Amino acid sequence: MIDDVFALGFDILTKIRDTQKDALDQAAKKIADCFLNGKTFYVTGSGHSHTVVEEFYARAGGLAFVVPILTSELTLTEHPTKSSLLERLNGYAGILAELYGVGEGDVVMIASNSGRNAYPVEMALEAKKRGADVIAITNLAHSRSVSSRHDSGKKLMDIADIVIDNCGVSGDCAMKMEGLDTMVCPTSSMANTFIAQAISVQCCRYIMDQGVTPPVFVSLNSEGTEHTNDEYFEKYTRLYQKATR
């Protein structure tokens with residue numbers, strides 16, 4: 001079965017490369033322009049989709065100007081179903097958009113596999129209302145198979161300026177095992193990791209094409225690098241942490 005998992009993963013990644021390259025490139029260009037224009041690039045997600053935020057934020061080799069909208073109640077750290085219930089509430093995304101100061105010319109990336117819950121939909125609507133551009137990472141097959149849980153009746157894919165499909169199946173789990181009724185092997189995490197890195201690297205390229213050196217984090221676990229990232233945190237992230245306390 002191990003070979004089957006790898007085969008499934010490679011198939012998903014190939015589909016993303018072959019079908020989503022234009023969207024990935026557009027996202028990278030949009031984020032690069034945002035940075036070069038002195039605006040803010042936010043990333044957010046709830047439940048397991050919050051891992052996309054962590055893939056973009058504070059990683060060695062990653063863009064240092066990413067501002068995460070990542071609150072503990074929307075992750076799995078406090079309770080396994082708490083985030084699932086809270087992401088269905090109308091009104092919470094509007095509070096976070098206000099606290100983080102999402103505004104004109106900013107870019108807000110929202111990860112949501114189903115794209116149906118209130119939090120990602122409302123965050124997209126709030127961002128658009130405030131003049132920001134919205135990039136969605138979602139599962140189109142899943143999103144098209146379900147109804148919206150937001151009062152607007154919309155789903156994330158209906159609102160975003162750029163939609164990136166993680167090419168998963170409805171329900172995310174893509175492998176059937178003999179003798180087991182439940183499907184296994186969700187593909188969104190492996191897909192989203194490659195999507196995040198493809199965007200980040202291409203974004204660096206676009207920034208460098210303008211003669212600017214992109215701020216990129218280094219590993220804090222290498223010798224002599226303990227303080228290298230401090231100025232990046234101070235410049236791009238900590239002002240938001242102070243503002244939201």
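Throughout this tour, a contact means heavy atoms within 4.5 Å. What you see is a predicted model, where local features need pLDDT of at least 70 and side-chain atom pairs count only at pLDDT 80 or more, while totals for chains, interfaces and linings use all residues. Residues are numbered from 1 along each chain as its sequence is written, and side-chain values use heavy atoms, with hydrogens and water left out.

**Stop 1: the whole chain**

Start with a cartoon view: the protein has nine helices and seven strands. Helices (H or I, at least four residues) and strands (E, at least two) are DSSP runs numbered from the N terminus. Along the principal axes, the C-alpha atoms fill a box of roughly 55 × 40 × 35 Å. Now display contacts between residues at least 6 apart in sequence: 77% of them join residues at least 24 apart.

Next, colour by burial, where buried means under 20% relative accessible area, exposed over 50%, and partly exposed in between (1.4 Å probe, protein chains only). Of the 245 residues, 48% are buried.

**Stop 2: the largest core**

A nonpolar core is a set of buried Ala, Val, Leu, Ile, Met, Phe, Trp, Tyr and Cys residues joined through side-chain atoms within 4.5 Å. Select Ile-31, Phe-41, Phe-56, Phe-65, Met-109, Ile-164 and Ile-199, which touch the most other members of the 40-residue largest core. Then show helix 1 (2-36), which gives this core its largest share, eleven residues. Other elements that each supply at least two include strand 3 (107-112), helix 8 (188-209) and helix 9 (230-243).

Which residues does Ile-31 touch, leaving aside those up to four places away in sequence? Zoom in and you will find Phe-41, Phe-65, Val-107, Met-109, Ile-135, Ile-199 and Cys-203. Apart from this core lies another, of 22 residues, including Ile-69, Ala-127, Leu-156 and Ala-160.

**Stop 3: two positive phi angles**

Most residues other than glycine have a negative phi. Select Ala-58, in the loop between helix 2 and strand 2 (66-69). Although Ala-58 is not a glycine, its phi is positive, about 60 degrees.

Finish at Cys-185, in strand 7 (residues 184-186). Phi of Cys-185 is also positive, near 65 degrees.
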